[in-house]
Amino acid sequence: MTETLLKVEGLKTYFYTEAGIVKAVDGVSFDVRKGETLGLVGESGSGKTVTSLSVLRIVPKPGRIVEGKIELKGENLLAKSEKEMQSIRGREIAMIFQDPSSSLVPVYTVETQLRDVLSAHEKISKDDAHKKILDLMNLVGIPEAEIRMREFPHQFSGGMKQRVAIARALALEPELLFADEPTTALDVTIQAQVLDLLEDLKKKMGMSLVMITHDMGIIAKMTSRVVVMYAGNVAEIAKTDDLYYRPRHPYTALLLAAVPRLDRKKTLSIIPGNIPNLIEPPSGCRFHPRCEFATKKCEEAPPVLEEVEPDHFVACYEWKNITLKGETGKND
Ligand SMILES: Nc1ncnc2c1ncn2[C@@H]1O[C@H](COP(=O)(O)OP(=O)(O)OP(=O)(O)O)[C@@H](O)[C@H]1O
Ligand code: SF4
Ligand SMILES: [Mg+2]
């Protein structure tokens, strides 16, 4: 039996803005298993980042977790004090962001900020910290580490800066890493290197990885299971192969159809319509205004996530009645 590391159940995180309550994450459930790479995918604004910030309990104001359960190895994270969370962040769960600069402090050298991370949780001598930082910099593939650790973040290229951010996130050997679009700000060639590095480190350290991305190609290459989010809800959860070959949710099928492929003459098909306003989301299934299969029922009440085959969950009234087109080959 695969061990569950993180369990998120019925999570609701809202932003109380002057314009109204933004229901950014509205009843999200999924789990992360030990050692797996789980993909979290969905259009911009679907709630991927807010979900991860919620797990770490770093949702910025005016946001707040209003309901739900977040359990790490059976322990309820929502019942922890801020002090307890501080010792969980970095040591048990870490996160890297799209823009590496947001993980790094511009006014400190790389060595100083990595040392701060190492010494925040336990006493460590300057010499031991120096050695550990050197190891970390080598681990993430930064050449001339001895010299470069004395430099400031702005002296690093985008790809190297992301490597430093990864070193910082991994300094305390977390069991779970959220990587929030870690490569979208980087050049294509550098993107591949950083993804390879993440995959390699994940294996070496035996951690679980939650890979957040818009890119179905990255999902296909790196993940074993996928959570598809739409407008603050989970639309589908499945093993990556099942999702590609047998998508059950109309939105997933559209996401797959929108993947640009070199062997396709056809240009990228864009998903029609816009992601809804989350202050007054559509009634019933939030996807109904864009869904070609929508019926009256879809407008009335939101569908719940149901297990349609082992390890395959879908929130759609019509999944039994519709045949959706999957990919013909996952990586071709
Ligand atoms: N500080 C905030 N104040 C108000 N609304 C917010 C705030 N942060 C996020 N939101 C809203 O929460 C919703 C989900 O945002 P989130 O950043 O999680 O989306 P995402 O799936 O990560 O998108 P992207 O792919 O663009 O990163 C969006 O509607 C967004 O406008
Ligand atoms: S529940 Fe209805 S609107 Fe929603 S995805 Fe299924 S068919 Fe479309
Ligand atoms: Mg995001």
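**Close-up views of the predicted model**

**Figure 1. The shell around ligand 1.** Helix α1 contributes the largest share of the shell around ligand 1, namely three residues. In this predicted model, 16 residues lie around ligand 1, and Ala 24, Ser 44, Lys 48, Thr 49 and Val 50 come nearest. Two or more residues of the shell are given by each of β1 (4-17), β2 (20-33) and α1 (48-55). By residue class, the shell around ligand 1 comprises six nonpolar, nine polar and one charged.

**Figure 2. The shell around ligand 2.** Ligand 2 is surrounded by 13 residues, of which Cys 285, His 288, Cys 291, Cys 298 and Cys 316 are the closest. The shell around ligand 2 consists of ten nonpolar residues, two polar and one charged. Cys counts as nonpolar in this division.

**Figure 3. Strand β3 and its two faces.** Strand β3 spans residues 37-41 and is mostly covered, with five of its five residues buried. In a regular strand, side chains alternate between the two faces of the sheet. Thr 37, Gly 39 and Val 41 point one way from β3, while Leu 38 and Leu 40 point the other way; all are buried.

**Figure 4. Pairing of β3 with β8 and β9.** Strand β3 pairs with β8 (residues 208-213) in the parallel sense, over five bridges. Within this pairing, Leu 40 stands opposite Ile 212 of β8. Strand β3 is also joined to β9 (residues 225-230) by four bridges, and these two strands run parallel. Here Val 41 stands opposite Val 228 of β9.

Figure 5. Helix α10, residues 250-257, is mostly covered, as seven of its eight residues are buried. The buried residues are Pro 250, Tyr 251, Thr 252, Ala 253, Leu 254, Leu 255 and Leu 256. Among the elements that cover them are β3, α8 (216-222), β9, β10 (233-239) and α9 (240-245).

**Figure 6. The protein as context for the close-up views.** The protein contains eleven helices and twelve strands. The C-alpha trace spans about 65 × 50 × 45 Å along its principal axes. A compact globule of 332 residues would have a radius of gyration near 20 Å, and the 21 Å of the protein agrees with this. Of the 332 residues, 42% are buried. Among contacts with a separation of 6 or more, 65% are between residues 24 or more positions apart.

Conventions
Residues numbered from 1 in each chain as written. Chains lettered and ligands numbered in written order. Predicted model: local features only at pLDDT ≥ 70, side-chain atom pairs only at ≥ 80, totals over all residues. Near = placed C-beta within 6 Å. Buried ≥ 20, exposed ≤ 12 C-beta atoms within 10 Å, placed from the backbone. Pairing = 2+ DSSP bridges. Contact = placed C-beta atoms within 7 Å. Rg over C-alpha atoms; globule rule 2.2 N^0.38 Å.
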